[in-house]
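This report walks through one protein model, from local backbone geometry to helix packing. Keep the coordinates open while reading.

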Amino acid sequence: MGFGGLGVWKPTGVVGCPVTVAEIVETHKERGVFCAQLHGMLLCFSQLAFILFFAGILTADFASGLVHWGADTWGSVDIPVIGKAFLRPFREHHIDPTAITRHDLIETNGDNCMFTIFPLAYLTLVTCEGYPWACYVFSLAIAVTLTNQIHKWSHTYFGLPRWVIILQDLHVILPRKHHRIHHVSPHETYFCITTGWLNYPLARLGFWQKTEYLIENLTGHKPRTDDMQWARKTE
Ligand SMILES: [Zn+2]
Ligand SMILES: [Zn+2]
């Protein structure tokens, strides 16, 4: 991320950021511009950028839930191309949840990395004028990149690194016990699989049920019909 523009950057609109970078430069004359830049960067990072960093993780968690819910709930594995390539792995995951733990690094993370490489490459071009926004894109892209790996860890009961277990226990990433709620048939809740932070509030709001009710009324399609038929066929 480039900070070339920081020396002239006035962080207008940054919540609680009390001074312009020019003023910080003045107070750091002896220690030089670099120190002033660092000071300004840290001040502003701790405020709007931090909020946007957090919002990026929440967005990734919601997006993971939305994609997972769509693939679990609608469509058939017989649909050309996306049925086999996209929907079937989600349906198979309900039949054999531990199969994911046998996937290697590339199979687990390759698909998501293909999407997030573009926003991450874009961030290398961002100057400090777009810094808070860049924090949002950065945390969103990193959280999306890690989603399948985090999901895999939530199904892994042996040999997990200690730091992963600590992150799960602190609910920084999707905990194992928490994700088990989704794996109770008919798999109609707790779809978020990045951090899982949104699962409880969305369940309390009845978000997925209300959205399904709306779609069923608009299209006449019942949720999970194909998933249930397919599960029966494979039993
Ligand atoms: Zn599922
Ligand atoms: Zn799972």
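Predicted model: local features only at pLDDT ≥ 70, side-chain atom pairs only at ≥ 80, totals over all residues.

Arginine 224 sits in the loop between H9 and helix H10 (225-234). Most residues other than glycine have a negative phi, and most peptide bonds are trans. Arginine 224 counts as partly exposed, because 18 other C-beta atoms lie within 10 Å.

**Overall make-up**

The protein has ten helices and zero strands. Read from the N terminus, the order of elements is α-α-α-α-α-α-α-α-α-α. Of its 235 residues, 29% count as buried. Take the contacts between residues at least 6 apart in sequence: 63% of them join residues at least 24 apart.

The loop between H7 and H8 holds tyrosine 190. Its phi is positive, about 55°, although tyrosine 190 is not a glycine. Is tyrosine 190 buried or exposed? Tyrosine 190 is buried, because 24 other C-beta atoms lie within 10 Å, and the cut-off for burial is 20 or more.

Proline 186 also belongs to the loop between helix H7 (176-180) and helix H8 (199-205). The peptide bond leading from serine 185 to proline 186 is cis, with omega near 10°.

Helix H9 covers residues 207-219, which is 13 residues, so it should span 18 Å. The end C-alpha atoms of H9 are 18 Å apart, which agrees.

H3 has a kink of about 45° at arginine 88, shortly before proline 89. The buried residues of H3 are Leu87, Arg91 and His93. H9 is hardly covered: the count of buried residues among its 13 residues is one.

**The H4–H5 pair**

Two packed helices are described by the angle between their axes and the distance between the axes. The axes of helix H4 (residues 105-123) and helix H5 (residues 131-154) come within 9 Å and cross at roughly 170°. H4 is therefore roughly antiparallel to H5; the cut-off for that class is over 145 degrees.

From H4 come residues including Thr108, Asn112, Phe115, Pro119 and Leu123. H5 supplies residues including Ala134, Phe138, Ala141, Thr145, Gln149 and Lys152. By class, the contact of H4 with H5 has ten nonpolar, eight polar and one charged residues.

Threonine 108 gives a view of this pair from one position. Threonine 108 lies in helix H4. Which residues does threonine 108 touch, not counting those up to four places away in sequence? They are His103, Asn148, Gln149 and Lys152. Threonine 108 is buried, because 20 other C-beta atoms lie within 10 Å.

Leucine 58 is found in helix H2 (residues 33-73). Beyond residues up to four places away in sequence, leucine 58 touches Trp197 and Leu198. With 17 C-beta neighbours inside 10 Å, leucine 58 counts as partly exposed.

Leucine 198 lies in the loop between H7 and H8. Leucine 198 counts as buried, because it has 20 C-beta neighbours inside 10 Å. Again leaving out residues up to four places away in sequence, leucine 198 touches Leu58, Asp61, Phe62, Gly65 and Cys192.

The table lists sequence separations and C-alpha to C-alpha distances for pairs discussed here.

| Residue pair | Separation in sequence | C-alpha distance |
|---|---|---|
| Threonine 108 and glutamine 149 | 41 residues | 6.2 Å |
| Leucine 198 and leucine 58 | 140 residues | 7.5 Å |
| Leucine 58 and cysteine 192 | 134 residues | 10.0 Å |

Definitions and conventions: Residues numbered from 1 in each chain as written. Chains lettered and ligands numbered in written order. Bend = angle between axes of the 7 residues up to and from the residue. Helix = DSSP H or I, 4+ residues; strand = E, 2+ residues; numbered from the N terminus. Buried ≥ 20, exposed ≤ 12 C-beta atoms within 10 Å, placed from the backbone. Expected span 1.5 Å × (residues − 1). Axes fitted to C-alpha atoms, helices over the stretch in contact; angles between N-to-C directions. Parallel < 35°, antiparallel > 145°, perpendicular 65-115°, else oblique. Contact = placed C-beta atoms within 7 Å. Nonpolar A, V, L, I, M, F, W, Y, C, P; charged D, E, K, R; others polar.
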